[in-house]
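Reader: I would like to go through this structure by question and answer. Please put it up first, then take my questions in turn.

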Amino acid sequence: MRIVGLTGGIASGKSTVSNLFKAHGIPVVDADIVARNVLKKGTGGWKKVVAAFGEDILLENGEVDRAKLGQIVFSDPGRRQLLNRLLAPFISRGILMEVLKLWIKGCSIIVLDVPLLFEAKMDKWTKPIVVVWVDPKTQLQRLMIRDGSMEQDAKSRINAQMSLDLKRSQADIVIDNTGSLEALHEQFQKVLTQITRPLTWTEFMLSRKGAFMALFSIFVGVAICKRSP
(Lines give C-alpha, C1' and ligand atoms only; values in the text may rest on other atoms or scores of the structure.)
Protein backbone atom coordinates (compact mmCIF):
# COMPACT_ATOMS: atom_id res chain seq x y z
CA MET A 1 0.00 0.00 0.00
CA ARG A 2 1.28 3.45 -0.91
CA ILE A 3 0.40 6.24 1.54
CA VAL A 4 0.98 9.64 -0.05
CA GLY A 5 1.44 12.64 2.24
CA LEU A 6 -0.23 15.86 1.06
CA THR A 7 0.42 19.13 2.87
CA GLY A 8 0.82 22.84 2.29
CA GLY A 9 -0.09 26.05 4.04
CA ILE A 10 -3.14 28.20 4.54
CA ALA A 11 -4.34 29.58 1.18
CA SER A 12 -1.75 27.56 -0.71
CA GLY A 13 -4.30 25.54 -2.67
CA LYS A 14 -3.82 22.23 -0.87
CA SER A 15 -7.57 21.65 -0.65
CA THR A 16 -7.88 22.14 -4.41
CA VAL A 17 -5.23 19.48 -5.00
CA SER A 18 -6.92 17.20 -2.47
CA ASN A 19 -10.18 17.53 -4.38
CA LEU A 20 -8.37 16.74 -7.64
CA PHE A 21 -7.13 13.47 -6.13
CA LYS A 22 -10.69 12.61 -5.11
CA ALA A 23 -11.99 13.49 -8.57
CA HIS A 24 -9.52 11.02 -10.07
CA GLY A 25 -10.65 8.20 -7.79
CA ILE A 26 -7.81 8.37 -5.26
CA PRO A 27 -9.15 7.99 -1.70
CA VAL A 28 -8.21 10.86 0.60
CA VAL A 29 -8.07 10.84 4.40
CA ASP A 30 -8.68 14.46 5.42
CA ALA A 31 -7.13 15.36 8.78
CA ASP A 32 -9.35 18.43 9.08
CA ILE A 33 -12.46 16.24 8.96
CA VAL A 34 -10.93 13.87 11.51
CA ALA A 35 -10.08 16.88 13.72
CA ARG A 36 -13.68 18.11 13.56
CA ASN A 37 -14.91 14.68 14.58
CA VAL A 38 -12.59 14.41 17.60
CA LEU A 39 -13.88 17.79 18.82
CA LYS A 40 -17.53 16.80 18.74
CA LYS A 41 -19.46 17.21 21.99
CA GLY A 42 -18.80 14.46 24.49
CA THR A 43 -15.75 12.95 22.77
CA GLY A 44 -12.40 12.49 24.50
CA GLY A 45 -10.90 15.36 22.53
CA TRP A 46 -13.81 17.64 23.43
CA LYS A 47 -13.38 16.89 27.13
CA LYS A 48 -9.63 17.58 27.05
CA VAL A 49 -10.05 20.89 25.20
CA VAL A 50 -12.91 22.13 27.38
CA ALA A 51 -10.94 21.27 30.52
CA ALA A 52 -7.93 23.22 29.22
CA PHE A 53 -9.65 26.24 27.63
CA GLY A 54 -12.84 26.55 29.68
CA GLU A 55 -16.52 26.51 28.79
CA ASP A 56 -16.27 29.99 27.26
CA ILE A 57 -15.25 28.32 23.99
CA LEU A 58 -18.57 26.45 23.77
CA LEU A 59 -21.63 27.36 21.72
CA GLU A 60 -25.10 27.23 23.25
CA ASN A 61 -25.56 23.64 22.05
CA GLY A 62 -22.36 22.56 23.81
CA GLU A 63 -20.27 22.15 20.68
CA VAL A 64 -16.88 23.88 20.47
CA ASP A 65 -16.97 27.31 18.83
CA ARG A 66 -14.16 26.56 16.37
CA ALA A 67 -13.89 30.18 15.23
CA LYS A 68 -13.45 31.42 18.80
CA LEU A 69 -10.96 28.68 19.63
CA GLY A 70 -9.07 29.52 16.46
CA GLN A 71 -8.79 33.19 17.45
CA ILE A 72 -7.37 32.18 20.84
CA VAL A 73 -4.70 29.81 19.53
CA PHE A 74 -3.61 31.84 16.50
CA SER A 75 -2.74 34.79 18.75
CA ASP A 76 -0.98 32.71 21.41
CA PRO A 77 1.76 30.24 20.35
CA GLY A 78 1.78 28.61 23.77
CA ARG A 79 -1.93 27.84 23.73
CA ARG A 80 -1.68 26.70 20.10
CA GLN A 81 0.97 24.17 21.08
CA LEU A 82 -1.21 23.07 23.99
CA LEU A 83 -4.17 22.48 21.68
CA ASN A 84 -2.01 20.49 19.27
CA ARG A 85 -0.67 18.33 22.11
CA LEU A 86 -4.16 17.65 23.42
CA LEU A 87 -5.65 16.66 20.09
CA ALA A 88 -2.68 14.96 18.41
CA PRO A 89 -3.32 11.47 19.92
CA PHE A 90 -7.01 11.57 18.99
CA ILE A 91 -6.32 12.83 15.46
CA SER A 92 -3.57 10.26 14.88
CA ARG A 93 -5.88 7.48 16.06
CA GLY A 94 -8.70 8.75 13.85
CA ILE A 95 -6.45 8.92 10.79
CA LEU A 96 -5.14 5.41 11.47
CA MET A 97 -8.70 4.08 11.66
CA GLU A 98 -9.60 5.72 8.34
CA VAL A 99 -6.50 4.23 6.70
CA LEU A 100 -7.39 0.82 8.13
CA LYS A 101 -10.90 1.04 6.67
CA LEU A 102 -9.46 1.81 3.23
CA TRP A 103 -6.92 -1.01 3.59
CA ILE A 104 -9.75 -3.44 4.35
CA LYS A 105 -11.54 -2.22 1.22
CA GLY A 106 -8.43 -3.12 -0.78
CA CYS A 107 -7.24 0.40 -1.67
CA SER A 108 -3.62 0.30 -2.79
CA ILE A 109 -2.99 4.07 -2.91
CA ILE A 110 -4.20 6.47 -0.22
CA VAL A 111 -3.59 10.21 0.20
CA LEU A 112 -3.24 11.65 3.69
CA ASP A 113 -4.28 15.32 3.54
CA VAL A 114 -2.65 16.71 6.69
CA PRO A 115 -1.91 20.44 7.17
CA LEU A 116 0.47 19.64 10.07
CA LEU A 117 2.09 16.64 8.38
CA PHE A 118 5.63 17.58 9.44
CA GLU A 119 4.74 19.20 12.75
CA ALA A 120 2.80 16.10 13.86
CA LYS A 121 5.61 13.79 12.63
CA MET A 122 3.16 12.05 10.31
CA ASP A 123 5.58 12.43 7.43
CA LYS A 124 7.20 9.23 8.72
CA TRP A 125 4.09 7.34 7.64
CA THR A 126 4.07 8.66 4.07
CA LYS A 127 6.05 8.33 0.86
CA PRO A 128 6.09 10.31 -1.33
CA ILE A 129 5.34 13.65 0.32
CA VAL A 130 3.60 16.24 -1.87
CA VAL A 131 3.81 19.89 -0.84
CA VAL A 132 1.60 22.54 -2.44
CA TRP A 133 3.71 25.71 -2.44
CA VAL A 134 3.09 29.39 -3.20
CA ASP A 135 5.33 32.39 -2.67
CA PRO A 136 4.68 34.46 0.49
CA LYS A 137 3.23 37.45 -1.36
CA THR A 138 0.72 35.32 -3.26
CA GLN A 139 -0.21 33.40 -0.13
CA LEU A 140 -0.91 36.62 1.78
CA GLN A 141 -2.99 38.12 -1.03
CA ARG A 142 -5.07 34.97 -1.49
CA LEU A 143 -5.73 34.65 2.23
CA MET A 144 -6.86 38.27 2.56
CA ILE A 145 -9.19 37.91 -0.44
CA ARG A 146 -10.55 34.52 0.67
CA ASP A 147 -11.31 35.49 4.27
CA GLY A 148 -11.77 39.24 3.85
CA SER A 149 -9.17 39.72 6.57
CA MET A 150 -6.82 42.60 7.29
CA GLU A 151 -3.16 42.24 6.36
CA GLN A 152 -1.90 41.91 9.94
CA ASP A 153 -4.47 39.24 10.81
CA ALA A 154 -3.60 37.30 7.67
CA LYS A 155 0.12 37.53 8.43
CA SER A 156 -0.48 36.27 11.96
CA ARG A 157 -2.29 33.20 10.67
CA ILE A 158 0.44 32.47 8.12
CA ASN A 159 3.21 32.95 10.68
CA ALA A 160 1.44 30.56 13.05
CA GLN A 161 2.28 27.74 10.64
CA MET A 162 5.52 26.11 9.53
CA SER A 163 6.84 28.09 6.55
CA LEU A 164 6.07 26.78 3.08
CA ASP A 165 9.71 27.15 2.09
CA LEU A 166 10.73 24.79 4.89
CA LYS A 167 8.00 22.33 3.91
CA ARG A 168 9.14 22.51 0.31
CA SER A 169 12.69 21.61 1.34
CA GLN A 170 11.40 18.36 2.89
CA ALA A 171 9.09 17.36 0.03
CA ASP A 172 9.52 14.59 -2.51
CA ILE A 173 7.20 16.37 -4.94
CA VAL A 174 6.46 20.12 -5.06
CA ILE A 175 3.42 21.61 -6.76
CA ASP A 176 4.00 25.32 -7.46
CA ASN A 177 0.55 26.90 -7.21
CA THR A 178 1.68 30.48 -7.77
CA GLY A 179 0.21 30.52 -11.28
CA SER A 180 -3.19 29.89 -12.80
CA LEU A 181 -5.66 27.09 -12.12
CA GLU A 182 -4.85 25.67 -15.55
CA ALA A 183 -1.15 25.51 -14.63
CA LEU A 184 -2.07 23.73 -11.40
CA HIS A 185 -4.07 21.13 -13.33
CA GLU A 186 -1.12 20.52 -15.67
CA GLN A 187 1.22 19.94 -12.73
CA PHE A 188 -1.33 17.71 -11.03
CA GLN A 189 -1.50 15.38 -14.03
CA LYS A 190 2.26 14.82 -13.79
CA VAL A 191 2.00 14.18 -10.05
CA LEU A 192 -0.89 11.77 -10.61
CA THR A 193 1.27 9.78 -13.04
CA GLN A 194 4.04 9.61 -10.44
CA ILE A 195 1.94 8.40 -7.54
CA THR A 196 -0.09 5.88 -9.54
CA ARG A 197 2.96 4.05 -10.90
CA PRO A 198 3.08 0.33 -10.04
CA LEU A 199 3.64 -0.45 -6.35
CA THR A 200 7.07 -1.51 -5.23
CA TRP A 201 7.38 -5.03 -3.79
CA THR A 202 7.44 -3.61 -0.24
CA GLU A 203 4.34 -1.48 -0.92
CA PHE A 204 2.54 -4.46 -2.43
CA MET A 205 3.27 -6.62 0.62
CA LEU A 206 1.74 -3.91 2.82
CA SER A 207 -1.46 -3.94 0.78
CA ARG A 208 -4.41 -6.22 1.50
CA LYS A 209 -3.60 -8.35 -1.54
CA GLY A 210 0.00 -8.67 -0.43
CA ALA A 211 -1.01 -9.65 3.10
CA PHE A 212 -3.40 -12.31 1.78
CA MET A 213 -0.70 -13.65 -0.54
CA ALA A 214 1.75 -13.85 2.35
CA LEU A 215 -0.80 -15.70 4.51
CA PHE A 216 -1.61 -18.06 1.66
CA SER A 217 2.09 -18.77 1.13
CA ILE A 218 2.51 -19.54 4.83
CA PHE A 219 -0.54 -21.82 4.77
CA VAL A 220 0.78 -23.70 1.73
CA GLY A 221 4.22 -23.99 3.31
CA VAL A 222 2.80 -25.41 6.52
CA ALA A 223 0.62 -27.86 4.58
CA ILE A 224 3.61 -29.09 2.57
CA CYS A 225 5.71 -29.55 5.70
CA LYS A 226 2.95 -31.60 7.35
CA ARG A 227 2.70 -33.90 4.32
CA SER A 228 6.46 -34.38 4.07
CA PRO A 229 7.72 -37.71 5.54
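**Overall numbers**

Reader: What share of the 229 residues of the protein chain counts as buried?

Author: Buried means under 20% relative accessible area, exposed means over 50%, and partly exposed lies in between (1.4 Å probe, protein chains only). By that cut-off, the buried share of the 229 residues in the protein chain is 39%.

Reader: What are the ground rules for these values?

Author: This is a predicted model: local features need pLDDT of at least 70, side-chain atom pairs count only at pLDDT 80 or more, and totals for chains, interfaces and linings use all residues. Residues are numbered from 1 along each chain as its sequence is written, and side-chain values use heavy atoms, leaving out hydrogens and water.

Reader: How many helices and strands does the protein chain have?

Author: Helices (H or I, at least four residues) and strands (E, at least two) are DSSP runs, numbered from the N terminus. The C-alpha atoms fill a box of roughly 80 × 45 × 25 Å along the principal axes. The count of elements in the protein chain is 11 helices and 5 strands.

Reader: Of the contacts between residues at least 6 apart in sequence, what share joins residues at least 24 apart?

Author: A contact means heavy atoms within 4.5 Å. Among contacts between residues at least 6 apart in the protein chain, the share joining residues at least 24 apart is 71%.

Reader: Where do the buried residues of H2 lie around the helix?

Author: H2 spans residues 31–38, and Ala-31, Val-34, Ala-35 and Val-38 are buried there. Seen down the axis, these residues fall within an arc of 100° (taken from the directions from the helix axis to the C-beta atoms), so they line one face of H2. The general rule is that an α-helix has 3.6 residues a turn, so residues three or four places apart point the same way. The cover over the buried residues of H2 includes strand E2 (28–30), helix H3 (44–53), helix H4 (66–74), H5 and strand E3 (109–113).

Reader: Which backbone nitrogen does a side-chain oxygen of Asp-30 reach at the start of H2?

Author: The approach is to within 2.8 Å. The backbone nitrogen reached from Asp-30 is that of Asp-32.

Reader: Which helices do the buried residues of H3 pack against?

Author: The buried residues in H3 are Gly-45, Trp-46, Val-49, Val-50 and Phe-53. They share one side of H3, because their arc around the axis is only 125°. Lys-47 and Ala-51 are exposed on the other side of H3. The packing partners of the buried residues are H2, H4 and H5.

**A buried lysine**

Reader: Which backbone oxygens does the side chain of Lys-167 reach?

Author: Lys-167 lies in helix H8 (residues 164–169). At a relative accessible area of 1%, Lys-167 is buried. Not counting residues up to four places away in sequence, Lys-167 touches residues including Phe-118, Glu-119, Val-131 and Met-162. Its side chain reaches two backbone oxygens, at 2.5 Å that of Gly-8 and at 2.9 Å that of Pro-115.

**Surface and backbone**

Reader: How much accessible area do Met-97, Leu-100 and Ile-104 have together?

Author: Met-97 lies in helix H5 (residues 77–105) and is partly exposed, because its relative accessibility is 42%. With Leu-100 and Ile-104, Met-97 forms a nonpolar patch on the surface. Together the three have an accessible area of about 270 Å².

Reader: What is phi of Ala-11 near?

Author: Most residues other than glycine have a negative phi, and most peptide bonds are trans. Ala-11 lies in the loop between strand E1 (2–7) and helix H1 (14–23), and counts as buried because its relative accessibility is 13%. Its phi is positive, near 65°.

Reader: What is omega near for the cis peptide bond from Lys-127 to Pro-128?

Author: Pro-128 lies in the loop between E3 and strand E4 (129–133). That loop also holds Lys-121, which is exposed at a relative accessible area of 52%. The bond from Lys-127 to Pro-128 is cis, with omega near 5°.

Conventions. Patch = residues over 30% accessible without salt bridge, like charges linked within 9 Å, V, L, I, M, F, W, Y side chains within 5 Å. Areas by Shrake-Rupley, 256 points an atom, 1.4 Å probe, with all protein chains shown as cover. Salt bridge = Lys/Arg side-chain N within 4 Å of Asp/Glu carboxyl O. Polar contact = N/O pair within 3.5 Å; in protein donor to acceptor, adjacent residues only side chain to side chain.
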